[in-house]
Amino acid sequence: MRFRLVGIVVLLGGLCNCETVDYTKYVDPLVGTEGAIPGSSLGGGNMFPGVALPFGQVKLGIDTSVLNLDQGGISSANSGYTPRGNATGFSLLHTSGTGGQPKYGVVSQMPLLGSLEEQGINVADNRTYLTNRTNEVAQVGYFRTTFERTGITTELTASQHAGVLHYTFPPSTNGTAHILIDLAHALPSGGGGYISQRYVKGELTVDPAGHGYSGSAWYDLGWNQGEAWQIFFCGNFSKPATRARTFWTPYNHLVPPTSVPTLSPYYDIYASDNLAIGTLFSWEFEPSDGLQVESRVGVSFISAQKACRFVEDEVPWTQSFNTTAQIVKDTWNREILSSITIPAENGPANDTLLGLLYTHLYGTALMPTDRTGENPGGWNSKEPYYDDWYTVSIEFSFVYFVLRLVPDVGQRFDGYLPDGRSANQNGRTQGGSNADNVLADAYIKGLDKVKSINWGDAYKAVQKDADVTPRRNIDFNAFDGGTKEGRNALPDWISLGYITKDYSRSISKGVEYAQNDFAAYLLAKSLGTKQDAARYLQRANNWKNFWNPDATVNLGTVGFGVHTGFFGSKSAQGIFDDSVNVTNCGGCTWGDLTYEGLIWEYSFNVPHDVAALINLMGGPDAFERRLDASFIEGFSAGSGPANTAGAALFNPGNEPSFQTPFLYNYINGKQYKTVEKTRYIVNKYYSLARSGIPGNQDAGAMATWLIWNVLGLYPVTTQPVYLLSAPLFRAVDLRLGTTDPASASYKSKTYLRIRAPALNANNIYVQGVKLNGKSINRSFVWHDEIVGGGTLEFIMGSKVTAWDSGELPPSISTGWKAA
């Protein structure tokens, strides 16, 4: 175990010239919390609507159960929240916008009211106290909900490592309020069984005088199927409880408790496997008066003492609830939301566009999680460290302007770079080793000059991904396992130049491996040997080895019907399987040929050599016709209800299709179709409704795609290139981050000013582009042309114009090899 990702230092630009502007008023945290079925989260964005600082370790929010609710299919509360789910508590750790199985929903509290016995409440069984909610409010820095059954109102705010929970208990005939802490509380999976995360064991110390509690608990499984991990906590109350009691009960995450545990005056307890423990704090109050109690809870991956210090340092009792909430808003305004501003020359504000812009800008910075100084085990360090990676290569496509991420890789601890990672453990790898792409993208886009990044170690880590087959973990979903880290199909990839069906997701893995090897090539050119660079470049062309020139799809529509040449499934003997369906992937899941995408979609995914791809598809005309067919509704059965939006072969709800509408830029004179298709997608699939995201957010991926469209740019992974569409504002200022990790990049004074003065509802087509006053006739810009700031002007009009007659975006087959 020698490698780990030490961290990503997030450097956001400086204050705009309007630091008093409150951009949080345009953010609606509830956007993306609902799917296509009203009241159901299935197929929705799975957005976290609770309270967090940018990349905060604490994400304090409500947890809900979808038990006995018709969700239209298997559905889970990935972020804790579901539209109609019954509340089971409030917990401090969550993810946002993730698919797959839930993770976290731990370190919880649940307020209760009245006699528990008379209400039939079993403190070890949340089915006996879950409740409907009403009067909910979600804002940046603040969340509020009221329980319908008891009338308890809970208000939330948070700091980086601590949460503040303010409870208002209404008048009650019994005059008893309770706060339940159940260490076994964790978000369950709609799929149940093996994949659902579990409580393992815990320890708990309670102040006999009722002032607070501390301890730790262990959990395992969940989304990344990780091994057991430990979280420490420390909580206290604004007023001491009248009584504090603890309890224990046999625990099985698949079987609800069958007995009611005894509440006992034991104040320092621990339990090993299969025993759940918790504590109940109770306050007696005058029945006619009601009661207010506030709790402040810190969490740490290091120790309970450190969790206590987080409470003292970040949310001391001398600091009011409202002050903490305001700090959260101010931080979001300063560090994230002011990174993109709309100047007065834009004209009258469009509140819908402003809402889309700032809601999704907010969505890009909820994950990953900043755990700097919170690295557990034998590698506790002050180096920047971030955890909770999902769809790692997509998360960082917005990093080089607004969220300037500086990766630093240490060849030390965790074995391989993460394709996914959670609870400080790698997993799950859906295809290739896509952290390689992130590092190469950072290197090629100018961060090679940052001295604090050890690029030598970075290259060694990428080399290990490229050349060393990882030890095979067994996975319930993937028949061949190998989903924790690295590239498990390297034996086929290196010996055959493609991947056979002996490995799951063989086609989509092959597509990603080729991109990963191009990333390795880029780093090897400067940091490795000529021999390694040549070897990786050759392997970056392996995608051609499983291109089946005879694979044919007849869509049966005049003008769009027959298309020949797609990725295929090839045996070790070199024979293609002619039965493979290009437009239907079955479940598109762990055991299929492709993951969460059709072969049709994946066949567009060769960003490092689109020119060669165009040739294999029959030339520019055939390529254009295939792109056109991708956006016709009705040609696709989709890739599963949780990962599909619409019925076109292009799927706006998942990453394999993200770059497809921009590929018209690789054909001279066709950039106008990029504008048409991207605007169509934004208008059809994105809105400020709760269902306004076309699929799970994937930790900021969907938000990132939307923001690039707002700007009229799209980054090509592992190339210093941005494809041009057209901005959605007449004027937008983008603050660029610094390249100095020691300098908070929100202090940057460098801006890229994007202008489209003639833009209106009719003038959507680009007539020409000027970069710093000089006309260009190409549909892309180089990173070096804009990284230092300047003005990018789009001349807009109502008619299609073939203004883009010049140089095409680079491809390795046309001579671009990153000089």
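These are my notebook entries on a predicted model of one protein chain.

**Entry 1: ground rules**

I number residues from 1 along each chain as its sequence is written. Since the model is predicted, local features need pLDDT of at least 70, side-chain atom pairs count only at pLDDT 80 or more, totals for chains, interfaces and linings use all residues, and side-chain values use heavy atoms, with hydrogens and water left out.

**Entry 2: confidence**

I looked up pLDDT, the predictor's confidence in each residue, from 0 to 100. The chain has a mean pLDDT of 90, and 91% of its residues reach 70 or more. Over residues 1-18 the pLDDT is below 50, and this stretch has 116 contacts in the model beyond near neighbours in sequence. A contact here means heavy atoms within 4.5 Å. Residues 399-411 also have a pLDDT below 50, with 86 contacts beyond near neighbours in sequence.

**Entry 3: the open sheet**

I took helices (H or I, at least four residues) and strands (E, at least two) as DSSP runs, numbered from the N terminus. Two strands pair if DSSP finds at least two bridges between them. In what order do the strands of the open sheet of 9 strands stand? I read S5-S6-S7-S8-S16-S12-S11-S10-S14, with antiparallel pairing. The edge strands are S5 (133-139) and S14 (268-271), each pairing on one side only. From one strand to the next, the twist averages 15°. For angles, axes are lines fitted to C-alpha atoms, for helices over the stretch in contact, and the angles run from 0 to 180 degrees between N-to-C directions. I noted as background that strands of a sheet pair through backbone hydrogen bonds, either parallel or antiparallel.

**Entry 4: pairs within the sheet**

I checked strand S16 (291-300) next. S8 and S16 run antiparallel and are joined by 8 bridges; Val 164 has Arg 296 in S16 as its bridge partner. S12 pairs with S16 in the antiparallel sense over 6 bridges, and the partner of Phe 237 in S16 is Ser 295. Is S16 mostly covered or mostly open? I found it mostly covered, with 9 of its 10 residues buried. Buried means under 20% relative accessible area, exposed over 50%, and partly exposed in between (1.4 Å probe, protein chains only). Elsewhere in the sheet, S10 (residues 198-206) and S11 (residues 212-221) pair in the antiparallel sense over 8 bridges. There Leu 204 has Gly 215 in S11 as its bridge partner.

**Entry 5: helix H3 on the sheet**

Helix H3 (residues 321-335) has 15 residues and reaches 21 Å from its first C-alpha to its last, close to the 21 Å expected at 1.5 Å a residue. The expected span is 1.5 Å times one less than the number of residues. Which strands does H3 lie across? I found H3 across S6, S7, S8 and S16, running at about 50° to S7. Its buried residues are Phe 321, Thr 324, Ala 325, Val 328, Thr 331, Trp 332 and Asn 333. What covers them includes S6 (142-147), S7 (153-158), S8 (162-169), S16 and helix H4 (351-363).

**Entry 6: helix H4**

H4 has 13 residues and reaches 18 Å from its first C-alpha to its last, close to the 18 Å expected. I found 11 of its 13 residues buried, so H4 is largely enclosed by the rest of the structure. Among the buried ones are Leu 353, Tyr 358, His 360 and Gly 363. The cover of its buried residues includes H3, strand S17 (340-341) and helix H15 (701-711).

**Entry 7: disulfides**

I looked for disulfides, pairs of cysteine sulfur atoms within 2.5 Å. How many does the whole structure hold? The search finds 2.

Cys 234 is joined to Cys 308, S to S 2.1 Å. Cys 234 is buried at 8% relative accessible area, and Cys 308 is partly exposed at 22%.

Cys 585 is joined to Cys 588, S to S 1.2 Å. Here the torsion is about -65°, so the disulfide is left-handed. Cys 585 is buried at 11%, and Cys 588 is buried at 1%.
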